[in-house]
Each structure stands twice: as C-alpha cells, then as structure tokens.
Amino acid sequence: MAWEYLDTKEFDERYKVVAKQLPEGLSVLDLNCGQPRFKNYYKFKEYIANDVFQPIDIKGIKFIKDKDENID
C-alpha cells in the first residue's frame, strides 16, 4: 500500500513532534490518513479522517471512506 511508510516508528516520531507543537483540543482533519496514528499522540476535540481504504483502527474518530476531492 502507498501509505505503509506512514505506519512506521519513524513516522510515529514525527507525529509526536507535531502533537507537542499544537495546543490541546483542536479538531483534526487527516486527509489520506492510511492508518490514522496521529490520533495516538494528540488530545483532539474531534478527529476526522479519510482514505479510499478502511483503516484497521478507527475507534474514537470519524472515518470517511472516500477520495480527498470528495471531502469538504
């Protein structure tokens, strides 16, 4: 899959860095999320993610199975 590189420990480190830079409680729109792992490192108000493939773990988020251009 094209998103497999996002599902790695190296990208987890990036998610941690980004999460530390953001104030808690924002809404997140994760386009082309692959596996939406950013949700594991950030305390969000609302997390909306999309992809053309269903992720394994979508617990606690709103997932839309669709292409980016169809998300508004």
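**View 1. Contacts of Gly 25 in the predicted model.** In this predicted model, Gly 25 touches Tyr 42, Lys 43, Phe 44 and Lys 45, when residues up to four places away in sequence are not counted. Gly 25 has its place in the loop between helix 1 (9-21) and strand 1 (27-30), and its C-alpha atom is separated by 4.5 Å from that of Phe 44, although these two residues are 19 residues apart along the chain. Because its relative accessibility is 35%, Gly 25 counts as partly exposed.

**View 2. The largest nonpolar core.** Twelve residues make up the largest nonpolar core, namely Leu 6, Phe 11, Tyr 15, Ala 19, Val 28, Cys 33, Phe 38, Tyr 42, Tyr 47, Ala 49, Ile 61 and Phe 63. At least two residues of this core are supplied by each of helix 1 and strand 2, and the largest share, 3 residues, comes from helix 1. In soluble globular proteins, nonpolar side chains tend to be buried together.

**View 3. The salt bridge between Arg 37 and Asp 12.** A search of the whole structure finds 3 salt bridges, and one of them joins the side chains of Arg 37 and Asp 12, with a distance of 2.4 Å from N to O. Arg 37 lies in the loop between strand 1 and strand 2 while Asp 12 belongs to helix 1, so the pair ties together parts that are 25 residues apart in sequence. Asp 12 counts as buried, because its relative accessibility is 7%.

**View 4. The salt bridge between Asp 57 and Lys 39.** The closest N and O atoms of the salt bridge that Asp 57 forms with Lys 39 are 3.0 Å apart. Since Asp 57 lies in the loop between strand 2 and strand 3 (62-65) and Lys 39 in the loop between strand 1 and strand 2, the pair ties together parts that are 18 residues apart in sequence. With a relative accessibility of 36%, Asp 57 counts as partly exposed, whereas Lys 39, at 13%, counts as buried.

**View 5. Asp 51, a buried residue without a salt bridge.** Asp 51 lies in strand 2 (residues 46-51) and is buried, yet it has no salt bridge, the nearest side chain of opposite charge being that of Lys 65, 9.2 Å away. A polar atom of the Asp 51 side chain does, however, lie 2.7 Å from the backbone nitrogen of Gly 34.

Key. Residues numbered from 1 in each chain as written. Predicted model: local features only at pLDDT ≥ 70, side-chain atom pairs only at ≥ 80, totals over all residues. Heavy atoms only, no water. Helix = DSSP H or I, 4+ residues; strand = E, 2+ residues; numbered from the N terminus. Buried < 20%, exposed > 50% of the residue type's maximum accessible area, 1.4 Å probe, protein only. Lys, Arg positive; Asp, Glu negative; His and termini not counted. Salt bridge = Lys/Arg side-chain N within 4 Å of Asp/Glu carboxyl O. Polar contact = N/O pair within 3.5 Å; in protein donor to acceptor, adjacent residues only side chain to side chain. Contact = heavy atoms within 4.5 Å. Core = buried A, V, L, I, M, F, W, Y, C linked by side-chain atoms within 4.5 Å.
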